[in-house]
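Subject: Structure handover

Hello,

Here is the structure for you to look through. Please open it first, then read my notes on its charged pairs below.

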Amino acid sequence: MKFVIQRDQLIASVQNVMKAISSRTVIPILTGIKIEARQDGITLTGSDSDISIESYIPAEENGNVNIEQIEEGSIVLQAKYFPDIVRKLPEKTIEIHSDENLKVTIRSGKAEFNLNGQDAGEYPQLPKLQTDDSFELPIDLLKSLIKQTVFAVSTMETRPILTGVNMKLENQTLTFSATDSHRLASRTIPVSEANNEFSNVVVPGKSLNELNKILDDTEEKVEISVTSNQILFRTKHLNFLSRLLDGNYPETSRLIPDQSKTVLYVKTKELLSTIDRASLLAKEERNNVVRLTTQGNQLVEIASNHPEVGNVTEEVSIASMEGEELKISFSSKYMMDALKAIEYDEVKIEFTGAMRPFIIRPANEDSILQLILPVRTY
């Protein structure tokens, strides 16, 4: 195998596949990066058996030559050393060459590294997904679906299914939802060209976080294909394959109250920064609890107290309020996460009493929903 490649292209691809490589894998060869050279380009692969990422660099694209002098072949190189070497090489192009004894030479300018490679034949084959049932989404939309839900997954391994985001496609409507049993985040979007349906597809939160970092905003669409135990996200230069979590995701729609006793309309940023300040004194407490009290239909008071440190109160003016007066306590962290995820200027908060879950939505938009369980403080 041999090729000469633009350094920047190689660095970008290596960084992408590194996100799937773990030093704690049971299969030793998975601590390496697989490099495969064909006449049309180079494919790099990284995997930890939960997530597999393939990054493709075409030999030529839009009139730019990325790779030259290609001799076909493949090799696996140690991910512990290869990325750092590539990053620190002196020139803009890099020549990589491997011989039949799996010895690899990496040259750039006057620098030359000789590494021991491993046989790519021993690298596990990635499953080829049957993609009859795939559908496409704009990349920026997928990224916002992930951002508005993934923060609410559970970090506790006691209920592994809750460490993932549930994807549901029904009647050409795609729903992402995540819950850790104290809060719920969900977002729904129409997918007009999808002909398939699925309901219990649970993607590990860790996979979606990595996918979100790696998806390139310059590309327009991502193709999504689902099988019984894997999901594939595919763009022009990237295949991102993740296993799915086993088990049945709980029916979260039961949690959502259908009527409300108190409804507030308030500016998102104002409420967020007030709760942020109130939480400064709630740091020691397990849940960073703050209290919200309505005061007529113009103001709410946000307060927090810590017996040893002191207390804080601040009033926030609200656009309007409907229904009963209310006093409620909740985790400031959960509330701040929810408000940050809603990228709208004004939110509508619906309460059904001091001890019932409450809902936060953008003021004029039902597709995004955040639900939080209050905290009993008396």
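Glu95 is partly exposed in this predicted model. Its relative accessible area is 22%.

Which residue does Glu95 meet in a salt bridge? The partner is Arg107, at 3.0 Å from N to O. Glu95 sits in strand β9 (residues 93–98), and Arg107 sits in strand β10 (residues 103–108). The pair therefore ties together parts that are twelve residues apart in sequence. Arg107 is also partly exposed, at 34% relative accessibility.

Why can such pairs form? Side chains of opposite charge can pair when their charged atoms come close.

How many salt bridges does the structure hold? The count is 18.

Another one links Lys236 and Glu61. Their closest N and O atoms are 3.7 Å apart. Lys236 lies in the loop between β18 (230–234) and β19 (238–243), while Glu61 belongs to strand β5 (residues 60–61). So this pair ties together parts that are 175 residues apart in sequence. Is Lys236 buried or exposed? Lys236 counts as exposed, with 61% relative accessibility.

Next, look at Lys348 and Glu350. They form a salt bridge too, and their closest N and O atoms are 3.9 Å apart. Glu350 counts as buried, at 15% relative accessibility.

Last, there is a network. Salt bridges with shared partners join Asp180, Arg183, Lys333 and Asp337 into one.

Best wishes

Technical notes: Residues are numbered from 1 along each chain as its sequence is written. This is a predicted model: local features need pLDDT of at least 70, side-chain atom pairs count only at pLDDT 80 or more; totals for chains, interfaces and linings use all residues. Side-chain values use heavy atoms; hydrogens and water are left out. A salt bridge is a side-chain nitrogen of Lys or Arg within 4 Å of a carboxyl oxygen of Asp or Glu. Helices (H or I, at least four residues) and strands (E, at least two) are DSSP runs, numbered from the N terminus. Buried means under 20% relative accessible area, exposed over 50%, partly exposed in between (1.4 Å probe, protein chains only).
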